[in-house]
Amino acid sequence: MGVTMDGALGFEVSVADRVRAIIAEQAMLEPHDVTPGAALSDLGLDSLMLVETLFALEEAFDISVPFNANDPAAGRFDLSTVRAVIAGVEGLIAAR
Amino acid sequence: MRRVVITGAGTVNPLGQDVASSFRALRDGVSAIAALQIADLDRLSVKIGAQVADWQPENHFDRAQLGLLDRHVQFALAAARQAGAQARLTADPGRTAVIMGTAGGGLITSDEAFRAVYAEGRNRVHPFTVPRLMASAAASHISMDLGLTGPAFSVSSACASSNHAIGLAFQMVRSGMVEAAFAGGSEAMLSFGGLKAWEGLRVMAPDACRPFSLGRNGMVQGEGAAVFVLEPREAALARGAGILAEIVGFAMTSDASDIVLPNSDGAARAMAGALADAGLEPGAVDHINAHGTGTAANDRSEAQAIARVFGDRDVPLTSTKSLHGHLIGAAGAVELLAVLLALQEGIIAPTAGYLGPDPDCPVDLVTGAARQADVAVALSNAFAFGGLNAVLALARA
């Protein structure tokens with residue numbers, strides 16, 4: 001089971017669902033199309049959309065995602081798949 | 001059409017507060033990139049930059065003037081005065097233009113005003129906030145300070161602003177529309193809000209600016225200004241003025257592709273266009289002052305564009321952004337100083353921060369120490385966000 005947080009309406013929304021919803025909004029897709037195994041590039045996220053997605057994640061979870069567009073590997077934040085992003089966000093929340 | 005020469009140059013930039021000290025730093029490869037000294041640095045992830053250290057505006061302007069001058073205009077005005085003092089123009093002030101480039105205008109003024117009303121809850125800002133933050137303020141103040149009553153305006157094309165400004169001035173002098181021009185650029189956006197905006201793009205380097213190098217990791221911002229006096233070669237010769245260099249060509253293109261990512265086609269067309277405007281073959285070019293921001297994307301794209309224009313021929317290339325930082329709207333103007341150094345003294349300033357060759361950037365980069373070279377013709381590149389490209393071609397006087 002993933003980490004859960006209080007949603008705005010009082011019921012619990014999992015981090016995974018919120019991450020998927022954020023990615024879906026940036027990629028202009030429905031959340032159910034953002035499957036855990038999907039690669040971000042396959043969802044049509046270009047470099048600008050990716051930077052906006054990271055900003056939205058940082059704002060939503062009050063975290064700081066280490067990512068330099070010049071050297072994506074340097075921050076050790078795995079952006080390969082939706083699953084990897086969810087795990088990364090959960091890790092940053094736990095370390096908060 | 002008239003031939004156009006540069007007869008005056010002035011600058012305030014992180015390497016020096018005049019041309020002579022800037023030349024020394026460029027020649028010695030001294031980098032001005034250091035720990036930033038600004039408010040609330042602990043809340044920034046970008047902690048380095050190239051600031052104009054020990055800038056004492058009160059040594060240049062009286063109290064009444066200072067209330068009207070944003071930091072980028074202080075730099076511009078000081079640079080213009082130096083350029084004017086060197087050129088000692090005799091042209092009709094009514095037919096002398098002032099064309100200045102800036103990307104952000106008075107961003108530090110905006111930052112201070114916003115901080116006052118939003119963060120500090122104050123109910124008023126400095127009464128001259130508007131005239132200070134205008135993007136055209138530098139052009140206005142230079143025209144007033146030097147009594148120049150011809151065309152005066154500012155040009156804004158992000159990181160290509162200065163080259164567009166100098167290129168337009170070149171065209172106006174060449175065509176005879178004006179008798180002379182003051183042209184260049186100025187920028188000062190090393191403020192908390194300005195740096196926050198740059199942080200958001202995630203393109204800033206945490207440690208150093210390493211153009212065209214393996215392991216480069218982004219840009220480092222600088223601030224400052226440079227201004228040049230342009231006039232017809234005949235007029236300069238007739239009055240016995242010292243000629244610093246000749247501007248022989250200029251071209252501008254747009255990528256029409258992406259708001260941040262560069263496109264090598266637009267850059268190549270701008271370089272080829274500047275050469276065509278100058279009536280020169282690529283083989284005539286001895287040196288290129290690159291845009292070379294140190295981002296992964298720019299340097300790869302610029303190297304591709306250079307290969308397209310120059311083929312297999314190695315053209316000595318440098319990016320002095322590794323020394324003075326990226327001056328954004330003032331970049332082309334301050335980098336033109338390095339081009340003047342190459343044309344006048346045959347010294348190509350080195351690119352600092354080099355870690356090793358990047359297979360994506362097969363260029364003849366001048367690294368380590370300055371290179372002595374016979375430079376008769378040089379290009380100066382500026383390729384801005386939003387795909388706005390402007391390239392100047394210069395020749396030794």
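How much space lies in the largest cavity? About 50 Å³. This is a predicted model, where local features need pLDDT of at least 70, side-chain atom pairs count only at pLDDT 80 or more, and totals for chains, interfaces and linings use all residues. Residues are numbered from 1 along each chain as its sequence is written, chains are lettered from A in the order in which they are written, and side-chain values use heavy atoms, without hydrogens and water.

**Interface of chains A and B**
- Contact (heavy atoms within 4.5 Å) involves 15 residues of chain B and 12 residues of chain A.
- The two chains bury about 880 Å² between them, 48% of it on carbon and sulfur atoms; this is accessible area (1.4 Å probe) lost on being put together, summed over both.
- One salt bridge is counted between the chains (Lys or Arg side-chain nitrogen within 4 Å of an Asp or Glu carboxyl oxygen).
- B:R202 pairs with A:E58 in a salt bridge, with the closest N and O atoms 2.7 Å apart.

**Cavities**
- Two cavities of 30 Å³ or more are found (sets of points on a 1 Å grid where a 1.4 Å probe fits but cannot get out; lining residues have an atom within 4 Å of a point).
- Residues lining the largest cavity include B:D255, B:F383 and B:N389.
- α11(B) gives the largest share of that lining, three residues.
- The second largest cavity has a volume of about 30 Å³.
- Its lining includes B:N13, B:H324 and B:E335, and α13(B) supplies the largest share, four residues.

Conventions:
1 Å grid on protein atoms, 1.4 Å probe; cavity = no way out; pocket = protein on both sides within 12 Å on 5 of 7 lines; lining within 4 Å. Points joined across faces, edges and corners; volume = space filled by probe spheres on them. Helix = DSSP H or I, 4+ residues; strand = E, 2+ residues; numbered from the N terminus.
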